[in-house]
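Student: Could we go through a protein model together? I'd like to ask about its rings and its core as we go.

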Amino acid sequence: MIRWLSCLIIVGVAESSRILAFFPMPIPSHHFIFRPVIEGLSKNGHDILYVSAFPYEEIPKNVTQIDLAKYDLMAEFGDYDYMKVSEMSIMEYTNEMYFFGKMMAQYYLGTKEVQDLIHSDQKFDAVMFESYFYQEYLSAFIHKFDAIGIEVITLGDCAWVNEMSGLQDNPAYQVDFKSGHSSNMNFWQKLYNIYVTALTVLSSYFYLHYHQQPIMDQYFNYTGWESRPSIDVLARNRSLILTNFDHVFADPYPMAPHRKDIGGINIKTPQPLPEDLQKFMDESKQGVIYMSLGSHINPANFKNQMRFFLDVFRDLPQRIILKYDSEEGSQIPPNVKVSKWLPQQNILAHKKCILFITHGGLLSLSEAIYYGVPLIGIPILADQVKNMAMMESKGIGRMLKLKNITRDSASWVIRELLSNNRYRDEVLRRSKMLKERRYSPVEEAVYWVEHTLKYPFALTPKSVNLSAIQLHLIDIKSIVTLGLLSVLCIFYFVFNVVKKVLLKAIRKPKPKVH
């Protein structure tokens with residue numbers, strides 16, 4: 001018996017792997033997706049090196065941490081003008097985000113800690129990163145450590161991610177997050193979605209070669225870098241892509257076989273509320289409305305819009321819990337409880353929570369659906385507009401654009417959600433779907449990571465090895481187009497020759513009769 005147990009232990013140790021989890025993003029919401037994967041792998045005995053600007057306070061077992069928090073990137077941006085970002089054109093937004101990716105490289109890749117890692121002799125079996133979020137230069141880690149590439153995506157459907165997975169979008173029904181539409185598009189919306197998809201893919205290839213490649217060459221100059229393939233090749237080199245997506249959130253669509261969905265991975269077992277919050281919610285006879293614009297956005301940045309909401313809250317019989325960092329205490333109605341930080345999932349899990357006013361991030365949406373709470377979405381940037389458009393089309397909430405917020409519009413949408421039971425009925429139906437999955441998102445993620453460690457590239461399609469020209473059949477289409485043009489030119493030439501001969505014959509003077 002002891003010998004048998006010893007064999008099992010030896011097998012378990014032999015199958016453990018060393019994984020580099022390189023996630024320098026300083027935005028906490030992104031790490032709420034990365035960390036459950038890291039923790040699930042560490043519990044299975046894998047050795048993880050976690051490089052992060054949002055470090056653990058209590059480091060899990062089998063995890064070693066490189067803390068980059070002292071390099072405060074977000075301080076560079078100061079008070080970010082989210083209203084300006086929400087009104088940017090697609091190219092302006094794309095340029096802004098690639099600039100953000102460049103700033104991350106400047107702040108983190110040049111640090112002593114990261115440069116020591118890049119020039120070290122450490123060995124890793126796999127590298128996990130979020131490179132498709134304007135950080136494709138991180139793909140150099142695959143070559144440096146001769147490791148398997150595992151991508152983790154915080155967005156849902158994205159044209160560039162699908163392009164890199166070797167299964168490009170069909171904009172007839174697949175919506176890039178920058179389009180801001182649901183899958184139910186009319187003719188003009190489809191035309192706009194085609195434009196957005198094409199512009200996204202073309203601009204991303206441009207930035208890949210002329211923006212990301214120089215960053216890679218600047219910071220990843222380790223011994224042997226000269227043999228490194230181009231960034232176009234490395235950026236496609238993924239054995240697994242984990243995506244924060246689930247068909248419960250949006251319409252299902254075709255995916256590459258090495259892409260696996262882990263939407264809802266942020267959901268945890270509800271914990272008891274602080275005593276004051278518990279009492280506040282328990283004693284509300286008409287239910288509780290919860291409002292939060294996420295972990296990164298302070299509603300105080302939108303003072304006019306918040307003033308309208310506070311006016312509406314004052315007249316409601318419900319109690320309101322508001323995540324708000326403001327000194328305007330005299331303007332807060334008596335039925336509103338304000339805090340700079342709130343345990344969101346535990347509030348949503350409370351039976352008295354009847355409405356969630358959110359910014360529309362995927363984490364908040366998944367939590368609201370899981371706990372069966374209808375939504376009002378106030379999207380501000382990134383994928384939030386598209387997320388809320390999809391939620392609206394599914395009948396579990398309504399969207400209110402930031403620039404359209406008035407006292408009347410805020411009052412109407414709140415009363416509509418509170419008085420119409422169809423929203424709650426639909427969100428409860430989808431809550432049941434989300435809870436009835438065969439495996440939890442963490443189990444799904446860990447299974448596929450371990451599968452790809454054992455069988456690298458077993459699921460990776462042939463299409464990822466094709467260049468953009470080959471993938472889109474541009475070479476074939478060009479030859480066929482040139483062939484057709486050549487045939488047309490030949491027909492045109494023959495037609496003109498025949499035409500001239502016939503005209504010459506018609507115009508030939510008849511012989512005179514004497």
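What follows is a chat about aromatic pairs, charges over rings, nonpolar cores and one annotated stretch.

Student: What kind of model is this, and how many aromatic pairs turn up in the whole structure?
Tutor: This is a predicted model, and a search of the whole structure finds 22 aromatic pairs. One of them is formed by Y107 and Y108, whose ring centres are 6.4 Å apart and whose planes meet at 65 degrees, so this pair is edge-to-face.

Student: Are Y107 and Y108 buried or partly exposed?
Tutor: Y107 has 23% relative accessibility and therefore counts as partly exposed, whereas Y108, at 1% relative accessibility, counts as buried.

Student: OK, and how are the rings of F309 and F313 arranged?
Tutor: F309 and F313 form a tilted aromatic pair, with 5.9 Å from centre to centre and 40 degrees between the planes. Because they are four residues apart in helix α12, which covers residues 303-314, about one helical turn separates F309 from F313.

Student: Buried or exposed, those two?
Tutor: F309 counts as buried at 1% relative accessibility, and F313 is buried as well, with a relative accessible area of 0%.

Student: Which residues do ring pairs link into a cluster?
Tutor: The cluster linked by ring pairs consists of Y98, F133, Y134, F206, Y207 and Y210.

Student: Switching topic, which residues lie over the faces of F280 and Y370?
Tutor: Over the face of F280 lies R319, at 5.0 Å from the ring centre, while K435 lies over the face of Y370, at 5.0 Å from the centre of that ring.

Student: What about the largest nonpolar core, how many residues does it have?
Tutor: The largest nonpolar core has 58 residues, and those with the most contacts inside it are L20, F22, V51, L109, L117, F141 and F220. Helix α5, residues 90-109, gives the largest share of this core, with nine residues.

Student: Which residues is F22 in contact with, leaving aside its neighbours within four places in sequence?
Tutor: F22 is then in contact with V51, L109, V114, L117, M128, F129, E130, L138 and F141. Apart from this core lies another one, of 33 residues, which includes Y371, V373, M388 and L434.

Student: Last one: where does UniProt put a transmembrane region, and what does the chain look like there?
Tutor: The unreviewed UniProt entry carries the annotation "transmembrane region" for residues 479-498. In the model, the chain over residues 479-498 is 100% helix and 0% strand, with the end C-alpha atoms 28 Å apart.

Terms used
Residues numbered from 1 in each chain as written. Predicted model: local features only at pLDDT ≥ 70, side-chain atom pairs only at ≥ 80, totals over all residues. Heavy atoms only, no water. Phe/Tyr/Trp six-rings, centres within 6.5 Å; stacked < 30°, edge-to-face > 60°. Buried < 20%, exposed > 50% of the residue type's maximum accessible area, 1.4 Å probe, protein only. Helix = DSSP H or I, 4+ residues; strand = E, 2+ residues; numbered from the N terminus. Lys NZ or Arg CZ within 6 Å of the ring centre and 35° of its normal. UniProt positions renumbered as here; feature names shortened; annotations may be inferred. Core = buried A, V, L, I, M, F, W, Y, C linked by side-chain atoms within 4.5 Å. Contact = heavy atoms within 4.5 Å.
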